[in-house]
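Student: I have a new model open and I'd like to learn how to read it. Could you take me through it feature by feature?

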Amino acid sequence: MTLTRKKLGPVLGLGLSLSLLAACSGGSASNDAAQSPSSSVTASADSSSSSSTSTDDTEDRLPGSVDSSPASSEEEDHSGESLAQQWARKRNRASGQDSNVNAESDASSDSSGRRRAQGDSELSAGRTPENTRENGSGQQRPAFEVTPDTALAHGESDAPIPPAQDPSNGPGPFPGNVVAQPAEPKPAQPKPHPTPEKPGDGTGKPAPKPHKPGKPSNPAPEPGSPKPGKPGNSHNSGTVTIAAFDEEGYNSALASWKRDRDEARSEAERSNRALDDARRTVEAARDKADASQRRYEEEKAKLDELVAAMPGTGDLAQKRDLAAKLKVEAQKAAADVETAEKKVTDAEKKKQDADRKLEQATKQLEVLSDKRDNIAIQSNLEFAQLNSEDQLRALSDALAERVNNYRVKNGLNELVYAPVFNDKAADWSTTMATSKDFTHSNRDEEGYSSENIVAATCSTEMETVDECADALFEQWQKSDDQNKNMLDETFSHAGMGLAKGDDGQVYGTNMFFIKDDVHEANSTTVVPKSKGMPENLDGEYVPEGAIAVTGGTKLAHTVDDRNTAAYDKWEGGKDGLDYTKGVRRGVDKRISELEEAPRVDELKNLDSDISEAQAKVDAAQAEADQSNQDLEDAKRAKGDADIRKTESEDASSKAQADLAEAEAAAPEADTARKQQQAKVDNQSKIVGEAESNAARDNKAASDAENELNEAQAKADDAKAEQQRVEAQEPTKKDYTTTIEVPAE
């Protein structure tokens, strides 16, 4: 069973009191108790008296012990010992120590008394120096031996049990102690067999903590039943938990720990002071380095100013070179002016020649134009003598001539016209003029490949007949589809016919034919011949001269960007598709009287001469314009040359004046330069010293920062060491040993 401190205190107190009494009287407490059985009180809390004997070999032995007491009638009486003293004596006897237990008890009591007289607790224990173990903080501490002097019951507090009253000092208790009262004797009970020690008992490990009062872990036992063991303990109710506190070891370890703690704190304080000193040193060193750097920069700026103010050594030579250079430039500018003047003269002469050529070409053109006008008047009279049908045929040929001129301008072959095709076209124009239905004819019936139709309000009178032909042509040219027909390279023949309606409209039809199949080169593509193309054509002609007869001029047609003619894609090329070779050039044979009139050929020649004259006029005009532009450019260049000449002469004059002034001031400038050089040399020395000082102070600041880092590291280490030491404070629990013993 487990005895609390409150229950075991009176028992131990009585046992210790008897031990002290025996020591003071010089006799054995156990013998006195044997001689006076009536005055002895059993101090055991076991279920049977400790003085009873038994023939059972295991009754008075611990497990594994050997009974060394002889079988004698004079057996020693240990009735005066406490339970703890009995357990310790039997444990010593089981270990082979067969000495007088009472003597050991007296000696232990005497030793305990002396220690109490010195101010130590009665539970201060002896040590076995050669047996040591670690405490809870990892430090080594001496092993603690449980003896009758150090044994006590494990109760509700780890504080030592107060000692009993010392009989030799009178009835009064020790200061601060309470007299232990003996327990009432209990009826003898059968002695239980000793229980083997629990593995690990007596090793210094703290026993399980007792339950707090008022919170039992087990239900209350039934009346008359043995008390249960400690919760979680495997022993039965026949055991007692004994606890011993090594107060001397604890005090020694605590004192050693305090010394280590104080030393660690002192080291941490020293490290922090050193760290503060290092910080102040770094701050001062950095301030000094910054001041040195500022002084170096200030002195360097002064040196730069002195160097910038240094008079140039080559000023005089440079001024001489500049004056010579500007003089050459002034001479060159004067030469440029002369060249510009000559160019102006030449340009004026060329302009005069161009103007004279233009005047001559213009006069020649005017003469030819006047001559043609006179002939045209006579031709108009001849045109007026034609009947209305022939006038429309003449106007149709004039329109067809315009189409061919347009094709030639665009790199195409001329179309061949025939009276049979002209009659087809004229008949359809008459149909439109009569029906007022502006639409195309029947392709299959007429047998053409393509067709252009037109209607315009114009006059066929002699004075305006040429304007009517121009109006009809321009409408076809402005239409994309009809313009494409006029510029188709596969067409070879055509027919042109006009008709005048009673509404004043002139209707025109231009039918296009292909004489032979046109084959695409390197391909099977074929453009077939027109269905209406006969085998033989009578009266084929290429229109020419009708424009002159009708008083018109050849239109100056330009190349049309819509022309997509590509003769190379067709077999035979352009020559293979040209059917004008060997064909008569003129007008429809039915108005051949116009061709027979000599005026027509004359008009043709005049038109050619007028064209040449006009070309000469155009060329002369272009030459005159260019000469005029050249003259303007020459005059402008001369003006620029005059400005450059003036500027160069002024710059040269100024450079010559500066050179003269510099040559006069040369000796004085040399003296000033030497003086300035001396200042520069002196300032250079100052700058060098300032730079050296700045480098030295910067290095000192860097060294101080390194020392600061080292001081910081030391301070951190000292702080960590202090924390480690403070965490290793020993506790009383580390020096308390608990053991469970049989309750005897």
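Tutor: Take Ala 521, which touches Asp 568, Lys 569, Trp 570 and Glu 571, leaving out residues up to four places away in sequence. Before going on, note that this is a predicted model, where local features need pLDDT of at least 70 and side-chain atom pairs count only at pLDDT 80 or more, while totals for chains, interfaces and linings use all residues. Residues are numbered from 1 along each chain as its sequence is written, and side-chain values use heavy atoms, with hydrogens and water left out.

Student: Where does Ala 521 sit?

Tutor: Look in the loop between β9 (518–519) and β10 (526–527). Those labels come from DSSP runs, numbered from the N terminus: helices are H or I with at least four residues, strands are E with at least two.

Student: Is Ala 521 buried, exposed or partly exposed?

Tutor: Buried means under 20% relative accessible area, exposed means over 50%, and partly exposed is in between (1.4 Å probe, protein chains only). Ala 521 has 29% relative accessibility, so it counts as partly exposed. Across the protein chain, buried residues make up 39% of the 744 residues.

Student: What does Asn 413 touch?

Tutor: Its partners are Arg 407, Tyr 567, Lys 574, Leu 577 and Asp 578, again not counting residues up to four places away in sequence. Asn 413 lies in the loop between α7 and β5 (416–417), and it is buried, at 8% relative accessible area. There is also a polar contact to look at. That term means a pair of N or O atoms within 3.5 Å; within protein, one must be able to donate a hydrogen and the other to accept it, and residues adjacent in sequence count only if both atoms are side-chain atoms. Here a polar atom of the Asn 413 side chain lies 3.0 Å from the backbone oxygen of Lys 574.

Student: How many aromatic pairs does the structure hold?

Tutor: Rings of Phe, Tyr and Trp (its six-membered ring) pair if their centres lie within 6.5 Å; planes under 30 degrees apart are stacked, over 60 edge-to-face, and the rest tilted. The structure holds five such pairs. In one of them, Phe 245 and Tyr 250, the ring centres are 5.8 Å apart and the planes are at 50°, so the pair is tilted. Both Phe 245 and Tyr 250 are buried. Tyr 406 and Phe 473 have ring centres 5.5 Å apart and planes at 85°, so that pair is edge-to-face. This second pair links distant parts of the chain, with Tyr 406 in helix α7 (residues 388–409) and Phe 473 in helix α10 (residues 465–478), 67 residues apart.

Student: Which cysteines form a disulfide?

Tutor: A disulfide is a covalent bond between the sulfur atoms of two cysteines. The cut-off used here is a pair of cysteine sulfur atoms within 2.5 Å, and the count comes to one disulfide. Cys 458 and Cys 468 form it, with their sulfur atoms 1.9 Å apart. Both Cys 458 and Cys 468 are buried.

Student: And which strand pairs with β4?

Tutor: Two strands pair if DSSP finds at least two bridges between them. Strand β4 (residues 239–245) pairs with β13 in the antiparallel sense, over seven bridges. Thr 239 stands opposite Pro 742 in β13. Seven of the seven residues of β13 (residues 736–742) are buried, so this strand is largely enclosed by the rest of the structure.

Terms used: Contact means heavy atoms within 4.5 Å.
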